[in-house]
Amino acid sequence: MQSLSPAALRARLPRRAVLGATSATALAALLPSRPAAAAPPSADLPPLPSDAEVARQVRAEFLHSWEGYRRSAWGYDELRPLSAGHHDFYLSGRTFGLSIVEALDTLWVMEQDREVKRAADWIEHHFDPAQDGEVHVFETVIRLVGGLLAGHLCTGRPRLLTRCRELTDRLLPAFTASPTGIPYTRVNLRTGAVSGTTPPLAEVGTNILEFGLLSQLTGDDRYYDAAKRAYRAVLERRSALDLLGTSIDTETGRWVDTTSCAPNPPVDSFYEYLWAGAELFGDSELRGWYRLLTDAVLNIQGERRHGRLWFRQVDQETGAVVGHGQSELGAFYAGLLGKGGDLTAGEDYYRSWTALLDRHPVLPEAVDFADGRVTSPRNDLRPEYVNSSFDLWRLTGDAVYKRTAYRYFQGLRNHLRVPGGYTVADDVTAAPMRLGDLTPGYWFAENLKYVYLMFARTRRFDRRRGLLSTEGKILRGAVRA
């Protein structure tokens, strides 16, 4: 990967990881607490078109983006839709075909079978899991390992599973070389050399779904055991308040940043995978850990401002408040709370984000909920809000989640659609919005898939049993004819 400054890393903004680039302590310092005016109530929402019409619109927009990628960046990691260029996500000058891997199960569930074949053929013939360079373990697991697994489950093509196992075997040294079980952040796929000793929690725990499923499919327990050992190492180091910090030392097990910033990055999906791992594998220990930590977050970090539920940052040892920052990346937590048994809190938190969507048709990256300030006006085509729409709709059947998801979709279509596809925004508070030039790979895995699955009457996805990863990959519920 090319050497980038922290600011440049944030500008690239991988899926959930302002991660190592921005610590929770730094976030808190940037987001001081001040008195706030009340957020306006959610606006009345107009009637929806028919389910079939919304599904048609969403599929058309996905294919608009996909055609832009195929036309200008085929075989490369990511598209730059304004300049018709491409971006190397993992290693400068090299590609893993990231957007192809990310899109595979979305293309499949949208019944674009010719494109599925084109994508799977490229992976089988060109995907190289042994490139000589350091990759970010977290981003490789959720994007590539998860994408290959979902592609195999959807298509049944065995070579996708072979590629997945080859790649995962080359990631394992990040776990097995650790004296604590807490993974190193980076690994060289060719040599197995590891580096990076201060992972944030999302990087420690967001692998048990992908690794556990690979263990099930191959009969090799090494993957699940490595992921479970990493979780246990962190839980054994929780505070007396049952709170966790932000980042931890791989080699000593000591906390590096003692701020509890859940559900914000860079800890967010650590909590998500506790619940999802318990659900997918029936692991009661994961379920117990999820309940223990969630109770602490709700009781100590939950805060209501003008009737809205938000989550403050606190010191993990004392519970002292250190910040009121909220990242759009944390909006997934509304759905997670609902799935985990705290539906009222989940719906309340969703309404907090919906009130923000009343003011900003494309959500900003970060706000200070104490005073309502937008602290990062970017939008990097984030899917977390609509992820919660999907989750809460499946739980309740309430049409409000369809209406708000459709409004979210309209905001993106009205503001971030360009002739070459869809692009990020540098400033959603400007009029007109200032655009960037990047289609992140996760765009093909997540945003429009969530909306489509809410409206399409597809036989390819089991809405009742379906389970998606933090990167929107279908890990349970694909229905092959």
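Helix α6, residues 137-155, lies across strands β3 and β4 and runs at about 65° to β3. Helices here are DSSP runs of H or I with at least four residues, strands are runs of E with at least two, and both are numbered from the N terminus. The axes are lines fitted to C-alpha atoms, for helices over the stretch in contact (heavy atoms within 4.5 Å), and angles run from 0 to 180 degrees between N-to-C directions.

Please note that this is a predicted model, in which local features need pLDDT of at least 70 and side-chain atom pairs count only at pLDDT 80 or more, while totals for chains, interfaces and linings use all residues. Residues are numbered from 1 along each chain as its sequence is written, and side-chain values use heavy atoms, with hydrogens and water left out.

Let us turn to the sheet. It is open, with three strands in the order β3-β4-β5 and antiparallel pairing; two strands pair if DSSP finds at least two bridges between them. The edge strands, each pairing on one side only, are β3 (134-136) and β5 (194-195). Strand β4, residues 186-188, is joined to β5 by two bridges. Which residue of β5 is the bridge partner of Arg-186? The partner is Ser-195.

Helix α12 covers residues 268-281 and reaches 20 Å from its first C-alpha to its last, close to the 20 Å expected, where the expected span is 1.5 Å times one less than the number of residues. Of its 14 residues, 13 are buried, so α12 is largely enclosed by the rest of the structure. Buried means under 20% relative accessible area, exposed means over 50%, and partly exposed lies in between, with a 1.4 Å probe and protein chains only. Just after α12, Gly-282 takes a positive phi of about 65°. Helix α15, residues 343-359, reaches 25 Å, close to the 24 Å expected. Twelve of its 17 residues are buried, so α15 is also largely enclosed; among them are Trp-353 and Leu-356.

Finally, the salt bridges. The term requires a side-chain nitrogen of Lys or Arg within 4 Å of a carboxyl oxygen of Asp or Glu, and by this rule the count comes to 41. In one of them, Arg-291 meets Asp-295, with the closest N and O atoms 2.8 Å apart. These two residues are four apart in helix α13, and therefore separated by about one helical turn. Arg-222 and Asp-220 form another, at 3.0 Å; Arg-222 is partly exposed at 42%, whereas Asp-220 is buried at 13%.
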